[in-house]
Amino acid sequence: MVDTAADRDRPDEGFFALRTGPPPAAAVPLARVYEGGSPALRERIAAVNHRLRVTEPRVGASIAFLGLAARLWSVSLVAPAFGDALPDLRPARLHWDPAAAPGSDLWLPDSSPPPGFGPAHPLRHTVLAAHLTPLVSAVRGVVPVAERLLWGNAASALAGAVSQLSVWCRERGIADPPATAVRLAADLLAAPELSGTGTLHGGAFRRRTCCLYYRAPGGGLCGDCVFATPPSRSPAP
């Protein structure tokens, strides 16, 4: 796992884990996934639909996007929250194993920083521009799902990563990283892609779209859902 400060207490497991070394054979560069040159995304969406027991493809597409977005935000958020430089997470280097559990699904050949790194808003470039923008297009190329819904998922995933980091730090009495993460999230939510997708108050987020999880059998509403009660379920289009 990436550990740029082995002598410091910082999250490096679960949703915050980023493995280094030769990726497993099933892992593919995310650049290939975004370009549509790999069946990995289709397989992941199909697996999510099967797990949720839904026949409406856009539900699986939404939840699959949400899961990968959460992982991308999580592994990217830790370094700046702790005052460190991001590792080189360019899509050509970052590998994804769609069948692996969170914590074992993202791989880098090494943890070196990108050459010439240092933009004013590194997460806007590293996650929004380099990963999530092409991921939105790739998912919509597989399943017709509303673009604004996916960007709402991206915002929700960001807020969820901040929340999980805050819990991790609070349990260990660490004060500064959560405050830094909230500031980073507020800045990111003002970006054009995420602007208007929800409202962040402190660490609490309320979104303005729905991820469609309620349409799965036994599914309910997420904690940040725009709805107060599940809408009536109309037949899938």
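Tutor: A cavity here is a set of points, on a 1 Å grid over the protein atoms alone, where a 1.4 Å probe fits but cannot get out, and lining residues have an atom within 4 Å of a point. This is a predicted model: local features need pLDDT of at least 70 and side-chain atom pairs pLDDT 80 or more, while totals for chains, interfaces and linings use all residues. Residues are numbered from 1 along each chain as its sequence is written, and side-chain values use heavy atoms, without hydrogens and water.

The volume of the second largest cavity is about 40 Å³, taken as the space filled by probe spheres set on the points, which are joined across faces, edges and corners. Two cavities of 30 Å³ or more are counted. The lining divides into seven nonpolar residues, one polar and two charged; Cys counts as nonpolar and Gly as polar.

Tyr-214 forms an edge-to-face aromatic pair with Phe-227, at 6.3 Å centre to centre and 80° between the planes (centres within 6.5 Å; planes over 60 degrees apart for edge-to-face, under 30 for stacked, the rest tilted). Phe-227 is partly exposed, at 33%. Both residues lie in the segment after β6 (204–207), so the pair ties together parts 13 residues apart in sequence. The structure holds one aromatic pair.

How values were computed. Phe/Tyr/Trp six-rings, centres within 6.5 Å; stacked < 30°, edge-to-face > 60°. Helix = DSSP H or I, 4+ residues; strand = E, 2+ residues; numbered from the N terminus. Buried < 20%, exposed > 50% of the residue type's maximum accessible area, 1.4 Å probe, protein only. 1 Å grid on protein atoms, 1.4 Å probe; cavity = no way out; pocket = protein on both sides within 12 Å on 5 of 7 lines; lining within 4 Å.
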